[in-house]
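This report describes how the parts of the structure shown below meet one another.

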Amino acid sequence: MTTALAAQASAVPRLAERVEVLRTETGALRLRGPMLERPAPLRMVAWLLRAPGRTEVELDDIGAWVVDRIDGRPLEQLSRELAAHLRLSRREAEVALADFLVALRRRNLVVLDATPPSAGPGRA
Amino acid sequence: MAQPPPTVPLALHGVSLRVPASWDLVGTYGHWRAGQLLLASERQPRMSITWQRRGTAPDLRRTLRAAGRRLAREQGCSQSTGEQQLAGDGLIACHPSPQGEVHIGIRALSGGTAVVWRQLRPGPAAELESIASACSAVGDADPARWAFHGLDVALPAWWRLEGIVHVAGLVRAVWFHRRGGRGRVDQALVMRRLACAARITNGHGVAGWLRAQLGRDETLTIERDDTATGGTLMACARGPGATWWRRLRRLHEDRHIVAWIDEADDRLTVQEWQGRGDPMGCLRPRPSSQGNPLPSGRTCA
């Protein structure tokens with residue numbers, strides 16, 4: 001999956017609808033997804049298990065650096081900038097970026113547009 | 001006249017090559033006796049390199065024809081249009097395909113080593129010829145150079161690579177040494193190369209980072225630390241014996257560690273040796289040398 005994502009060099013990542021970007025007091029970046037819509041039986045199970053009502057992840061400084069640049073830039077440009085920022089090889093940056101975006105996409109925090117958006121940045 | 005592309009060394013399992021700097025090593029399979037390397041560039045496969053050590057002179061024509069049949073099966077190429085000499089001790093064949101010409105080369109190198117180069121997409125013969133001509137191999141009982149994924153070390157005879165882990169920002173390779181190539185493993189070597197050295201050490205220095213990596217009941221003794229001036233750190237991590245019998249005899253397990261930071265690439269390299277006999281010397285390559293001289297003692301930059 002990572003390799004397939006890395007091959008989509010022209011794809012443009014953007015934050016999913018209703019995802020909030022929050023800065024904590026310590027300066028860390030948090031991505032907060034919308035409230036999860038569960039069917040009634042699962043709502044009860046989730047309440048019993050004290051499962052969180054929404055997806056929320058806290059990113060380290062490299063993750064925050066990448067999310068700050070999810071503003072309509074294609075994957076290829078992002079990986080090039082990441083390689084320059086962290087002094088990685090091009091391939092290393094591509095794989096690392098793809099791994100990161102796959103992890104965010106699995107949590108429905110990021111979506112990947114196959115073609116660049118025609119107008120305006122894709123940030124939610 | 002166009003300049004040839006810059007090349008970088010690639011050496012694994014006693015086979016040394018120079019490949020274009022823009023190519024990536026994307027697959028390593030096999031071991032000292034036989035194996036395969038896959039090279040790619042721009043997310044496209046470029047070349048497969050296979051080797052085999054049999055101890056006897058290889059039948060080049062037969063091997064070349066077998067490789068040609070495989071090419072026809074996998075890439076839909078036609079039969080070879082003819083064979084030509086390659087670097088004096090090899091052959092090169094051209095196989096036409098709808099997309100262009102695909103080439104296969106084979107050479108018989110020292111130590112009974114046969115190396116086959118196969119283009120994985122159409123390309124010029126000169127590309128394969130230049131890579132094949134610069135290739136060399138060593139015998140079973142010879143020291144060997146190992147250069148891949150940014151690691152570049154020269155090891156004495158009978159060190160054999162047992163595994164590589166390569167993920168974004170980390171390369172880890174493990175070698176075992178068997179005296180005379182047979183029997184039990186008497187020494188082990190682990191080399192790690194990590195990206196973002198400044199972030200990893202986080203202001204605590206290499207020694208501080210190493211202390212944080214220690215296992216339970218392990219103690220670290222720093223023998224020398226010149227990392228602040230671009231030098232190396234030499235240390236010994238001592239832990240309790242690995243077995244009850246060794247612990248009853250009050251024996252310890254020592255890991256001899258050498259670490260350094262490549263400021264230009266912001267990479268931290270950690271060399272760990274464990275085993276019997278004298279500890280392995282520092283394997284840090286000298287910056288001025290093209291190749292890495294063989295270790296001659298416990299000295300270091």
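## Domains of chain B

Chain B is divided into two parts, domain 1 (7-137) and domain 2 (144-276). The model is a predicted one. Taken over C-alpha atoms, the centres of domain 1 of chain B and domain 2 of chain B are separated by 33 Å.

## Where the two domains of chain B meet

In chain B, 9 residues of domain 1 are in contact with 9 residues of domain 2. The size of an interface is often given as the accessible area lost when the parts come together. Between domain 1 of chain B and domain 2 of chain B about 870 Å² is buried, and carbon and sulfur atoms account for 66% of it. Across this interface of domain 1 and domain 2 of chain B the rule finds 0 salt bridges. The count of residue pairs in polar contact between these two domains of chain B, both residues at pLDDT 80 or more, is 1.

On the side of domain 1 of chain B that touches domain 2 of chain B, at least two residues each are supplied by β1 (7-12) and β3 (24-30) of chain B. The element that gives the most to this side of domain 1 of chain B is β1(B), with 4 residues. By class, the residues of the side of domain 1 of chain B that touches domain 2 divide into 6 nonpolar, 3 polar and no charged.

## The interface of chain A and chain B

How many residues of chain A are in contact with chain B? There are 16 residues of chain A in contact with 15 residues of chain B. The area buried between chain A and chain B is about 1,300 Å², and 40% of this comes from carbon and sulfur atoms. In chain A, the residues that lose the most area to chain B are Arg87(A), Arg91(A) and Glu92(A), which together make up 45% of what that side buries.

Across the interface of chain A and chain B the rule finds 4 salt bridges. Asp61(A) forms a salt bridge with Arg199(B), with the closest N and O atoms 2.5 Å apart. Between chain A and chain B, 9 residue pairs are in polar contact, with both residues at pLDDT 80 or more. Two or more residues each are given to the side of chain A that touches chain B by α1 (2-7), α3 (61-68), α4 (75-86) and α5 (90-106) of chain A. The largest share of that side of chain A comes from α5(A), which provides 6 residues. By class, the side of chain A that touches chain B has 8 nonpolar, 2 polar and 6 charged residues.

## Side-chain pairs

Over all chains, the count comes to 3 aromatic pairs. In the pair of Trp32(B) and Trp146(B), the ring centres are 6.2 Å apart and the planes stand at 45°, so the pair is tilted. Trp32(B) lies in the loop between β3 and β4 (34-41) of chain B, and Trp146(B) lies in strand β11 (residues 144-148) of chain B, so the pair ties together parts that are 114 residues apart in sequence.

The count of salt bridges over all chains is 31. In chain A, the side chains of Glu20(A) and Arg54(A) meet in a salt bridge, at 3.9 Å from N to O. Because Arg54(A) lies in strand β4 (residues 54-59) of chain A and Glu20(A) in strand β2 (residues 20-23) of chain A, this pair ties together parts that are 34 residues apart in sequence.

Notes. Residues are numbered from 1 along each chain as its sequence is written. Chains are lettered from A and ligands numbered from 1 in the order in which they are written. This is a predicted model: local features need pLDDT of at least 70, side-chain atom pairs count only at pLDDT 80 or more; totals for chains, interfaces and linings use all residues. Side-chain values use heavy atoms; hydrogens and water are left out. Contact means heavy atoms within 4.5 Å. Buried area is the accessible area (1.4 Å probe) that two parts lose on being put together, summed over both. A polar contact is a pair of N or O atoms within 3.5 Å; within protein, one must be able to donate a hydrogen and the other to accept it, and residues adjacent in sequence count only if both atoms are side-chain atoms. Ala, Val, Leu, Ile, Met, Phe, Trp, Tyr, Cys and Pro count as nonpolar, Asp, Glu, Lys and Arg as charged, and the others, Gly among them, as polar. Domain bounds come from an automatic or database domain assignment. Rings of Phe, Tyr and Trp (its six-membered ring) pair if their centres lie within 6.5 Å; planes under 30 degrees apart count as stacked, over 60 as edge-to-face and the rest as tilted.
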